[in-house]
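Here's a protein model to explore. Take a look at the sequence and the 3D picture, and then we'll walk through a few spots together.

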Amino acid sequence: MNSDKDLVICTRGLTKSYNGRPVLKSLDLKVPRNSIFGFLGPNGAGKSTTIKLLLGLIKPTAGSGTVFGLDIARDSAEIRRRIGYLPQNPRYYDYMTARETLRFTAGFFYKGPAELVERRVDETLRMTGLDDKADRKIKGFSGGELQRLGIAQAQINNPDLLILDEPAASLDPMGRRDVLEVMRSLKNRTTIFYSTHILDDVQRVSDTVAILNKGTLIAMAPIEDLLTAREGVVYKLVLAGNPAGIRSTLTTQPWISSVTSTTDNGHSVWNLTITDEKAAERQLLRLLLRDETIAVKEFSRERYDLEDVFMRFVQEEKCNA
Ligand SMILES: Nc1ncnc2c1ncn2[C@@H]1O[C@H](COP(=O)(O)OP(=O)(O)OP(=O)(O)O)[C@@H](O)[C@H]1O
């Protein structure tokens with residue numbers, strides 16, 4: 001696990017209530033430096049509330065938090081100075097061009113001689129793929145272009161942390177792909193904390209994910225761990241021939257915890273749950289190929305879809321409620 005100095009955001013017991021109704025319940029969030037951290041949850045889960053607390057725009061009812069080690073209640077002005085923020089519904093002056101908009105933003109957040117500012121505006125337009133639209137009025141921009149402009153604005157002062165509230169929610173597949181691509185390309189420059197209710201986006205772009213449901217954090221882990229750790233790694237095999245011999249060989253391997261089987265079109269379809277992945281990589285295929293009474297039709301390592309993981313966590317929450 002990360003030590004606190006590797007964390008850009010760290011909250012402890014962070015809680016927010018409105019009129020006595022808790023909408024965020026004792027949140028312990030740890031966001032590692034240089035991660036693309038997907039903050040996932042359905043509508044109303046408390047994602048925007050968390051972001052507003054981190055930015056110091058609202059005060060916690062209980063608990064505390066730090067961003068860059070600075071206290072979110074006490075040092076919010078300093079925190080905001082070092083953050084780039086894209087709100088859920090950004091507003092633009094649509095009579096301006098993209099370049100004029102970024103110059104305007106730079107006037108507030110990027111200090112330096114005019115030449116340097118101009119260079120930064122150019123660089124930011126390039127980074128967000130807007131260089132060929134730089135001098136067009138925003139009025140005709142697509143949703144995806146507007147969101148990229150929003151990321152460009154948030155990025156103008158080279159922030160140490162970008163906070164994006166639902167950056168791709170309202171976009172069509174092309175717009176979403178472009179926005180996710182821009183986020184991916186910024187990974188080595190900054191930490192990105194973004195909220196979303198779209199599982200697919202998290203799976204495509206994040207390296208770490210936290211799942212929030214009804215104000216409660218129900219999971220937080222590197223995405224790979226979340227996708228594999230719940231039941232161990234599963235290999236799927238489709239075999240032709242007589243599998244009796246290989247079955248008894250496999251069930252005695254200490255690195256296989258279970259074998260379930262069905263038949264499909266006369267073939268045996270097996271799911272093997274693996275407890276030691278390295279041992280499986282070394283031995284499994286070799287054991288199968290050694291058995292001449294079977295033919296291996298299919299051999300694959302199954303990945304859980306984040307949607308499965310999410311649904312399972314949410315189900316468990318309901319059961320524990
Ligand atoms: N100022 C407020 N007064 C009362 N309730 C509020 C206030 N702001 C937010 N809430 C409630 O807090 C809950 C969490 O809202 P929040 O906006 O944080 O959710 P979210 O996860 O960002 O959802 P969405 O994706 O729909 O924006 C909701 O039930 C919302 O109605």
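## A lysine, a sheet and a ligand

Lys-139 counts as exposed because it has 11 other C-beta atoms within 10 Å (exposed means 12 or fewer, buried 20 or more, partly exposed in between, with C-beta atoms placed from the backbone). This is a predicted model, where local features need pLDDT of at least 70, side-chain atom pairs count only at pLDDT 80 or more, and totals for chains, interfaces and linings use all residues. Residues are numbered from 1 along each chain as its sequence is written.

You'll find Lys-139 in the loop between α4 (114-127) and α5 (143-155); helices are DSSP runs of H or I with at least four residues, strands are E runs of at least two, and both are numbered from the N terminus. Beyond its neighbours within four places in sequence, Lys-139 is in contact with Asp-94 and Tyr-95 (contact: C-beta atoms, placed from the backbone, within 7 Å).

Now for the sheet. Four strands form an open sheet in the order β13-β14-β12-β15, with antiparallel pairing (strands pair if DSSP finds at least two bridges between them). Its edge strands are β13 and β15, each pairing on one side only. β12 and β15 pair over 8 bridges, and Lys-236 has Ser-300 in β15 as its bridge partner.

Finally, the shell around the ligand, sorted by class:

| Class | Residues in the shell |
|---|---|
| Nonpolar | 3 residues |
| Polar | 7 residues |

Note on methods
Nonpolar A, V, L, I, M, F, W, Y, C, P; charged D, E, K, R; others polar. Contact = placed C-beta atoms within 7 Å.
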